[in-house]
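Okay, thanks for having me, everyone. I'd like to walk you through one model today. Let me put it up on the screen.

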Amino acid sequence: MNKNKFDWSCKNTWSKSAKNTLWCLIGCSIGDFGTIYYFQITPHSLPVFLVMLIAIINGIITSIVLETLILLKQKFTFINAFKTASGMSLISMISMEVAMNLTDYFFTGGAILTWWVIPLMLIIGFLAPWPYNYWRLKKYGINCH
């Protein structure tokens, strides 16, 4: 095999990166959906894009918190767990959050949770960062969990 050619065919790495991506999706979804739901049931005058920005920020925060807790259970020190959770997966979290919120915006006009848009947001949110997570894991052996 050519040393310059990247191997995208490793089933083990796809499986491991899928698990990492799923943990990120769970964390991001908690903050994102919680924020959208709050603004959906609470009277407010904020523009849709501001609500979505708040949802993205909260999704990233809850993902970092969840990943930090997972790493603490793996005997990381708090500072190392926090640095690992916030540093290594930030690109993944941002791409996931943007993909989820763009899906919501495209199908509902934004900041609206319905029974049918949530699965679409989760699927698109998972698929968007998964290749990046595979690449990072395969190239550097770096993952968050």
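Predicted model: local features only at pLDDT ≥ 70, side-chain atom pairs only at ≥ 80, totals over all residues.

I'll start with Thr68, which touches Phe78, Ala81, Phe82 and Ala85, if you skip residues up to four places away in sequence. Thr68 itself is found in helix H2. So is Thr68 buried or exposed? It's at 5% relative accessibility, and the cut-off for buried is under 20%, so Thr68 counts as buried.

Okay, on to the middle of things. The largest nonpolar core has 20 residues, and the ones touching the most other members are Met93, Met96, Met100 and Met121. Who supplies this core? At least two residues come from each of these helices: H1 (11-41), H2 (48-73), H3 (78-88), H4 (90-108) and H5 (117-127). H1 gives the most, with six residues.

Leaving aside neighbours within four places in sequence, Met100 is in contact with Leu25, Ser29, Asp32, Phe33, Met121 and Gly125.

That takes us to how H1 and H4 sit together. Their axes come within 10 Å and cross at roughly 50 degrees. That makes H1 oblique to H4. The crossing is right-handed.

If you want to click through the contact, on the H1 side you have Thr21, Cys24, Leu25, Cys28, Ser29, Asp32, Phe33 and Ile36. On the H4 side, they meet Ser92, Met93, Met96, Glu97, Met100, Asn101 and Asp104. By type, the residues of this contact divide into eight nonpolar, four polar and three charged.

Keep Thr21 in mind for the last stop, Trp130. Trp130 lies in helix H6, residues 130-140. How far apart are Trp130 and Thr21? In sequence, 109 residues; in space, 6.1 Å, C-alpha to C-alpha. Besides Thr21, Trp130 is in contact with Trp14, Ser17 and Ala18, again leaving aside neighbours within four places in sequence. Trp130 has a relative accessible area of 22%, so we call it partly exposed.

That's my tour. Happy to go back to any view.

Note on methods. Residues numbered from 1 in each chain as written. Heavy atoms only, no water. Core = buried A, V, L, I, M, F, W, Y, C linked by side-chain atoms within 4.5 Å. Buried < 20%, exposed > 50% of the residue type's maximum accessible area, 1.4 Å probe, protein only. Helix = DSSP H or I, 4+ residues; strand = E, 2+ residues; numbered from the N terminus. Contact = heavy atoms within 4.5 Å. Axes fitted to C-alpha atoms, helices over the stretch in contact; angles between N-to-C directions. Parallel < 35°, antiparallel > 145°, perpendicular 65-115°, else oblique. Left-handed = near helix turned anticlockwise from the far one by under 90°. Nonpolar A, V, L, I, M, F, W, Y, C, P; charged D, E, K, R; others polar.
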